[in-house]
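Hello,

Here is the structure I promised to pass on to you. Please open it first, and then read my notes alongside it.

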Amino acid sequence: MPIQGFASSAIIDQLTGVLTSLSADDRKKEVAKTKAVYAFEVVNSQGQKHFFVVDLKQAGKVTDGTTEADAAKGQPKPDISITVNDETFIKISEGKTTAAGEFMSGKVKIKGNMMLGMKLEPLLKRFKKLAESLPPTGDSAAASAASAAAATTASPQSVVIKGYEGSLVIAQILNAFGSDDAKRNAVLKKTNAIFQIDLKGPEGVKSWVLNLKPGASGADIVLPGTAAQNKKNAGVTLILSDSDFVDLAAGKITGQSAFMAGKLKSKGNVMLALKLESVLKAAKGPAAKL
């Protein structure tokens, strides 16, 4: 699941989902292509760190943690350790820069097998293609995240916007309901509404559409942009700060209290905000990282 404050966690989610979705034989083939263990130390704009270990040498799995020791539990010794900031990791995954170039500029630090660092971009590119081609398996939350990215027009990476932690909440909704038909249909039946979420952040207002009406598919349950841009009619548009939306999702405030305090403004049926709270709760689940 997306990790608050780390937009690049969507990249790890995608890689995790691919490995989980593959059959045992196909996973062995992918491991054989790489034969290496990658350890990542990702630093976000607030200086916070999160660690990931990607085993493409033995079992073919990913572990993570807030400390290096937590992430390394049960994993083989890394062949390469990469320290990179959140923004640079995203740029490397999108092909906008290279690990070699960022290493030379000092934005990427590498310990261990340097040649594996140079192979990082093609590795991420290969797994991105695999994520786009794999059918949904429903085997785990991580598999759901990858299959959602494969099955929908929106992906965690397209939904998440740097500097907007509320976009991680939006991505979580996509991961929770995008590919699980039974879970999605239950939420759609109960909610029966289209929301436009306008979040005020460092680069102005950013918008997303939550299409939560019966009949919506995984392809359009979450749409970046406004309702008009997506040719949808929103029952309500909710306007609030990015931080207040994160607090709403975390249950620190309610829609009613935010409205009464002037933190939440709306256009349309404001009572639908109460339904949104139940959607956020259902998407969060017991293991969500928000």
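A word on terms before the tour: a residue is called buried if its relative accessible area is under 20%, exposed if over 50%, and partly exposed in between (1.4 Å probe, protein chains only). Helices (H or I, at least four residues) and strands (E, at least two) are DSSP runs, numbered from the N terminus.

Please keep in mind that this is a predicted model, where local features need pLDDT of at least 70, side-chain atom pairs count only at pLDDT 80 or more, and totals for chains, interfaces and linings use all residues. Residues are numbered from 1 along each chain as its sequence is written, and side-chain values use heavy atoms, with hydrogens and water left out.

How confident is the predictor? pLDDT is its confidence in each residue, from 0 to 100. The chain averages 83, and 88% of the residues score at least 70. Over residues 136-153, however, the pLDDT is below 50, although this stretch has 39 contacts in the model beyond near neighbours in sequence; contact means heavy atoms within 4.5 Å. Residues 286-290 also stay under 50, with nine contacts beyond four places in sequence. Where pLDDT is low, the predicted coordinates should not be read in detail.

Now to the sheet that holds β9. Two strands pair if DSSP finds at least two bridges between them. Five strands form an open sheet in the order β8-β7-β6-β9-β10, with mixed pairing. β8 (222-224) and β10 stand at the edges with a single partner strand each, so one side of each has no neighbour in the sheet. Neighbouring strands here are turned by 20° against each other on average, direction ignored.

How many residues of β9 (residues 236-241) are buried? Six of its six, so to speak a mostly covered strand. Val 236, Leu 238 and Leu 240 are buried on one side, and Thr 237, Ile 239 and Ser 241 on the other. β9 pairs with β6 (residues 193-201) in the parallel sense over six bridges, and Leu 199 stands opposite Leu 240. With β10 (residues 265-268) β9 runs antiparallel, joined by four bridges; there, Val 236 has Gly 268 as its bridge partner. β6 is also joined to β7 (residues 204-212), antiparallel, by nine bridges, and Ile 194 is partnered with Asn 211 in β7.

Two helices meet this sheet. α14 (residues 272-284) packs on it, touching β6, β7 and β9, and its direction makes about 85° with that of β6. Angles run from 0 to 180 degrees between N-to-C directions, and axes are lines fitted to C-alpha atoms, for helices over the stretch in contact. In α14, Leu 272, Ala 273, Leu 276, Val 279, Leu 280 and Ala 283 are buried. What covers the buried residues of α14 includes α10 (166-177), α11 (181-191), β6, β7, β9 and α12. α12 (residues 242-250) itself lies across β6 and β9, at about 110° to β9.

There is another open sheet to look at, with five strands in the order β3-β2-β1-β4-β5 and mixed pairing. Its edge strands, β3 (61-65) and β5 (108-112), each pair on one side only. Within it, β1 (residues 36-43) and β4 (residues 80-85) pair in the parallel sense over six bridges, with Val 43 opposite Asn 85.

Enjoy exploring!

Conventions. pLDDT is the predictor's confidence in each residue, from 0 to 100.
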